Amino acid sequence: MRKKIFLTTFLTALFVLLFSLVMSAMILFRFFEERSEDELKQESEAIASGTDEYGIGYLTRLKSERRITLIDTDGTVLYDNEADPAEMENHKDRTEVKEAFSNGSGTSIRYSNTMTEETIYYALKLKDGQVLRIAATQDSIYAWLIKLLIPAGCIFGIAVCGSLIISSKLSRSILTPINNLNLDDPENNDTYEELHPLLERISTQNKMIRSQEREESEKREKFRREFTANVSHELKTPLTSISGFAELMKQGGMDEETVIDFSTTIYDESQRLITLVNDIIRLSSLEDRDIQYEWENVNLLGLSRDVASRLQSAADRKRVKILVIGREQNVYGIWDLIYEMVYNVCDNAVKYNKENGAVTITVGGDEKTASVSVEDTGIGIPKEDIDRIFERFYRVDKSHSKAVGGTGLGLSIVKHGAIIHHAHIHVHSTLGQGTEIVLEFPKKQDETRFSTPETDA
Ligand code: ADP
């Protein structure tokens with residue numbers, strides 16, 4: 001901006017200077033030219049009256065610095081004080097002579113070959129019909145401009161230096177108050193009135209940003225407190241149980257069956273703890289912006305078959321059938337994470353299924369998206385809970401979830417994975433009849449758009 005102000009001021013000054021120089025040279029020249037013409041006219045009239053009275057003899061006696069030519073009625077040169085009339089060509093067609101023959105007087109200006117001199121001709125018709133022409137030679141406008149060049153150059157140089165200093169100072173003085181603006185407190189600035197609306201807008205925006213930041217920080221703090229409370233609670237229950245059973249076993253005197261029973265409970269509870277801790281670690285790693293994932297082409301059909309076979313024994317225990325159908329679909333993504341997403345959804349479909357139920361995994365898609373749909377014939381999800389099942393530790397039925405080994409974090413991991421892959425999750429569920437969860441991935445991924453999930457889920 002400073003450069004722009006400086007350049008504009010400087011170039012304007014330069015233009016005004018050049019323009020006024022040329023204009024004043026032209027006006028001055030015109031003034032002197034007109035004066036010369038007037039003098040020439042007066043002189044011509046005096047010589048003409050002398051010639052009228054005394055004839056050509058008057059001219060030969062006359063001592064004049066001007067060039068004087070006498071032209072006969074047919075254009076023949078009768079007398080010239082600078083050249084031999086016999087060698088001069090017919091002057092009938094000269095502009096000023098022609099004008100004088102027809103109007104009584106005529107003028108014309110002709111330039112020398114170098115254009116630095118001009119000759120003003122003034123012709124007058126004498127009483128006997130002959131034409132008397134007087135010529136005056138002087139510097140042309142070009143010669144004037146050339147002569148003016150040196151003084152003008154000096155003035156120009158001084159003016160350039162002056163305008164450089166002035167425009168530099170001017171631009172600095174315009175910009176200093178702007179550079180010194182206190183944008184943290186926009187309303188407390190003593191600056192140009194024209195900037196007040198802008199400063200007011202900045203002030204409003206600052207207030208909005210501050211209030212947003214405050215809200216976000218409160219939200220984060222609330223979330224952190226809730227998360228810590230939830231984690232402590234989730235850890236405390238199995239730990240209390242482990243500690244209680246271990247204490248009983250420590251006292252000894254138990255039969256072998258009770259020992260096996262107690263140690264099975266201790267084992268199950270510690271397994272649940274391990275799963276819970278693993279899920280917490282997984283979630284926090286998904287929030288870590290510094291982790292670099294390996295992106296590759298992921299075959300959803302093959303991946304779904306792997307998931308199904310891993311869940312087969314759990315499904316068999318519940319007599320739930322798992323079916324994988326669909327066609328080959330590839331998406332660009334993080335294999336481990338997509339596997340975990342599909343696994344968690346399928347695991348729920350088995351866990352919350354009924355005896356002899358079914359889980360159908362369908363891989364499909366179109367030009368732009370590829371999807372994995374997991375449909376079960378399980379207990380279903382109440383309508384009012386559908387939006388909340390992706391929250392951390394949210395369970396529709398806490399005791400049921402615990403009974404089937406849930407941590408309340410599985411779908412939260414699915415949601416984070418979806419955000420990272422820019423995928424959509426659709427849930428359709430009918431209570432008592434079953435649930436369908438669809439994971440829909442875009443086929444083209446822009447890794448630069450890679451986003452880390454917010455910590456609100
Ligand atoms: P959990 O470890 O408890 O399964 P999730 O985050 O995986 O935690 O799921 C959250 C809750 O959503 C579950 O506790 C359950 O109540 C409900 N849910 C998830 N999937 C299903 C499903 N397929 N059928 C019925 N309820 C489900």
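Modeller: Two strands pair if DSSP finds at least two bridges between them. The model we apply this to is predicted.

Colleague: What makes β3 and β4 a pair?

Modeller: Strand β3, residues 105–111, and strand β4, residues 117–125, share seven bridges, so they pair. The sense is antiparallel. Tyr 111, for example, stands opposite Glu 118 in β4.

Colleague: How many residues lie between the two strands of the β3 and β4 hairpin?

Modeller: Five residues lie between them. In that turn, Met 115 has a positive phi of about 70°.

Colleague: What makes β4 and β5 a pair?

Modeller: At least two bridges are needed, and β4 and β5 (residues 131–139) have nine, so they pair as well. Their sense is antiparallel. Within this pair, Ala 123 faces Arg 133 in β5.

Colleague: Which strands form the open sheet with antiparallel pairing, and in what order?

Modeller: Five strands form it, in the order β2-β1-β5-β4-β3.

Colleague: Why are β2 and β3 called edge strands?

Modeller: Strand β2 (77–80) and strand β3 each pair on one side only. From one strand to the next, the twist averages 20°. Helix α3, residues 95–103, packs on this sheet and touches β1 (67–71), β3, β4 and β5. The direction of α3 makes about 175° with that of β3.

Colleague: What is the pairing in the sheet with the order β7-β9-β10-β12-β11?

Modeller: The pairing there is mixed, and the sheet is open, with five strands. Its edge strands are β7 (321–326) and β11 (424–430), each with pairing on one side only. Direction ignored, neighbouring strands are turned by 10° against each other on average.

Colleague: How do you know that β7 and β9 pair?

Modeller: DSSP must find at least two bridges. Between β7 and β9 (residues 358–365) there are six, so the two strands pair, here in the parallel sense.

Colleague: Why is Cys 161 called partly exposed?

Modeller: Buried means under 20% relative accessible area and exposed means over 50%. Cys 161 is at 46%, so it falls in between and counts as partly exposed.

Colleague: What makes Cys 346 count as buried?

Modeller: Its relative accessibility is 1%. That is under 20%, so Cys 346 counts as buried.

Colleague: Why is Arg 319 called exposed?

Modeller: The cut-off is over 50%, and Arg 319 has 53%, so it counts as exposed. Arg 319 lies in the loop between α7 (300–317) and β7. Arg 319 also has a positive phi of about 55°, although it is not a glycine.

Colleague: What makes Phe 393 count as buried?

Modeller: Phe 393 is at 7%, which is under 20%, so it counts as buried. Phe 393 is found in the loop between β10 and α9. Its phi is near 65°, a positive value in a residue other than glycine.

Colleague: How do you know that Arg 395 is buried?

Modeller: Its relative accessible area is 11%, under the 20% limit, so Arg 395 is buried. Arg 395 lies in the loop between β10 (369–376) and α9 (398–403). Leaving aside neighbours within four places in sequence, it is in contact with Glu 234, Ser 401, Gly 406, Thr 407 and Gly 408.

Colleague: Why does the pair of Arg 395 and Thr 407 pass the distance limit for a polar contact?

Modeller: The limit is within 3.5 Å. A polar atom of the Arg 395 side chain lies 3.1 Å from the backbone oxygen of Thr 407, so the distance passes.

Colleague: Why is Asn 330 called partly exposed?

Modeller: Asn 330 has 44%, between the 20% and 50% limits, so it is partly exposed. Asn 330 lies in strand β8 (residues 330–333).

Key. Residues numbered from 1 in each chain as written. Predicted model: local features only at pLDDT ≥ 70, side-chain atom pairs only at ≥ 80, totals over all residues. Heavy atoms only, no water. Helix = DSSP H or I, 4+ residues; strand = E, 2+ residues; numbered from the N terminus. Buried < 20%, exposed > 50% of the residue type's maximum accessible area, 1.4 Å probe, protein only. Polar contact = N/O pair within 3.5 Å; in protein donor to acceptor, adjacent residues only side chain to side chain. Contact = heavy atoms within 4.5 Å. Axes fitted to C-alpha atoms, helices over the stretch in contact; angles between N-to-C directions.
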